[in-house]
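Dear colleague,

Please find below the structure that I am handing over to you. My notes on what was found in it follow directly after.

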Amino acid sequence: MITKKPTCTEEGEKTFTCSLCEETKTESVAKKPHTYKEEITKDPTFEEEGEKTFTCEDCGDSYAESIPVRDDEVVVTVTNKSNLPQDTNAGRYSDSINFTFDVMNRSDKVIKGIQGILTVYDLFGEEILKINCDFTGNSIPAGESITVDDLEMDINQFMDSHVKFYNTDFSDLQFEYEVTNIVYDDGSSMKGQSSTDSIESHKVTVAVNDKQNLDVNYNAGRYSPRVEFIFEVYNNTSKDIKGVQGTFTIKDLFGVDIMSLGLDFTGQAIPANSSAVFDDLGFDINQFMDDHVKVYSTNLEDLQFEYEVTSIVYTDGTKE
């Protein structure tokens, strides 16, 4: 008969009683094992170990174990370098270098974009240059790799580092790629951010539903390429809105600002607690401005948008 139940900190006791003379004896009962609950108290990073704590749900006893530094979730390898001489007929107004990369996703999630820095070294390990190098436009399945061969770097012939890089054979170069951010297909990122295509203010929400690239068309009066967006503007108030004034900011996949511009919504009323679609707003592309070119050449799903409302005019004449 158990006369004292064991716990995870104390032994129990079992008593035996003779059925004839009622003499008794006792024996100990072994302690129960601890019932530990595991909790990660510090996530590991690529530079530091993490920590997980085990706590007994019965007695509170606890101990900690380290979690190893995370293996690189992305491995980027430069597999080739091609020199492209200046060719104005091909739209190359300076010498350039074309890279071929192998990008390996070692994580358990689909990767949408990678942001990082590529460092180029000579044969002796001396640094030649560093360049920002992002991979977007292709999803990389979990546990798989892709080949990227459409990234180029223009050569400035007045910069010794550029000239050295151009003139050095691929076999005499070394490369190192440092990942600074990863954006996954589920919207999460290595930096803990979350991608979004709209921003909600107190009274107006502006969402970008589509982006259209329009080529030059003299017959249509378009003398340069143009980007137009389809917006849906939500009126969260109880009054009809006649016009909204604000600033539209376009960001890349990693949340870095590309450009900001003034953007007003006028010409149609936005009913109370409803929305209206505006599909003819955009801007002409200046091909000599990098931010314009980046917006034009980047897919909608690789862009983020913010709209900051600065003024609202209601149909009853009131303003905010």
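I begin with Phe 231, which, leaving aside its neighbours within four places in sequence, is in contact with Val 206, Ala 207, Val 208, Phe 248, Leu 263, Phe 265, Ala 276, Val 277, Phe 278 and Leu 281. Please bear in mind throughout that this is a predicted model.

Phe 231 belongs to the largest nonpolar core, which has 28 residues. The members that touch the most others are Phe 229, Phe 231, Phe 248, Ile 250, Phe 265, Phe 278 and Val 295. Two or more residues of this core come from each of the following elements: strands S14 (204–214), S15 (226–235), S16 (241–252), S17 (257–265), S18 (274–284) and S19 (303–314), and helix H2 (290–297). The largest contribution is that of S19, with five residues. Another core, of 27 residues, lies apart from this one and includes Val 74, Val 76, Phe 99 and Leu 129. As general background, nonpolar side chains in soluble globular proteins tend to be buried together.

I turn next to the charged pairs. In general, side chains of opposite charge can pair when their charged atoms come close.

- Lys 52 forms a salt bridge with Glu 38, and their closest N and O atoms are 3.8 Å apart. Because Lys 52 lies in strand S5 (residues 50–56) and Glu 38 in strand S4 (residues 36–42), the pair ties together parts that are 14 residues apart in sequence. Lys 52 counts as partly exposed, at 22% relative accessibility, and Glu 38 likewise counts as partly exposed, at 46%.
- Lys 109 and Asp 186 meet through their side chains in a salt bridge, at 3.5 Å from N to O. Lys 109 lies in the loop between strand S8 (96–105) and strand S9 (111–121), and Asp 186 in the loop between strand S12 (174–184) and strand S13 (198–200), so this pair ties together parts that are 77 residues apart in sequence. Lys 109 has a relative accessibility of 31% and counts as partly exposed, whereas Asp 186, at 54%, counts as exposed.
- Glu 228 and Arg 226 meet through their side chains in a salt bridge, at 2.9 Å from N to O. Both Glu 228 and Arg 226 are buried. Arg 226, Glu 228 and Asp 284 are linked in a network of salt bridges.

Two residues call for attention on account of their backbone angles. Most residues other than glycine have a negative phi. Glu 22, although not a glycine, has a positive phi of about 65 degrees. Glu 22 is found in the loop between strand S2 (12–17) and strand S3 (24–29), and it is exposed, with a relative accessible area of 61%. Asn 273 is also not a glycine and has a positive phi of about 55 degrees. The loop between S17 and S18 holds Asn 273, which is exposed, with a relative accessible area of 58%.

Lastly, I draw your attention to Thr 100, in strand S8. Is Thr 100 buried or exposed? With a relative accessible area of 16%, Thr 100 falls under the 20% limit and is therefore buried. Leaving aside its neighbours within four places in sequence, Thr 100 is in contact with Thr 77, Val 78, Thr 79, Asn 80, Thr 147, Val 148 and Asp 149.

With kind regards

Notes: Residues numbered from 1 in each chain as written. Predicted model: local features only at pLDDT ≥ 70, side-chain atom pairs only at ≥ 80, totals over all residues. Heavy atoms only, no water. Core = buried A, V, L, I, M, F, W, Y, C linked by side-chain atoms within 4.5 Å. Buried < 20%, exposed > 50% of the residue type's maximum accessible area, 1.4 Å probe, protein only. Helix = DSSP H or I, 4+ residues; strand = E, 2+ residues; numbered from the N terminus. Contact = heavy atoms within 4.5 Å. Salt bridge = Lys/Arg side-chain N within 4 Å of Asp/Glu carboxyl O.
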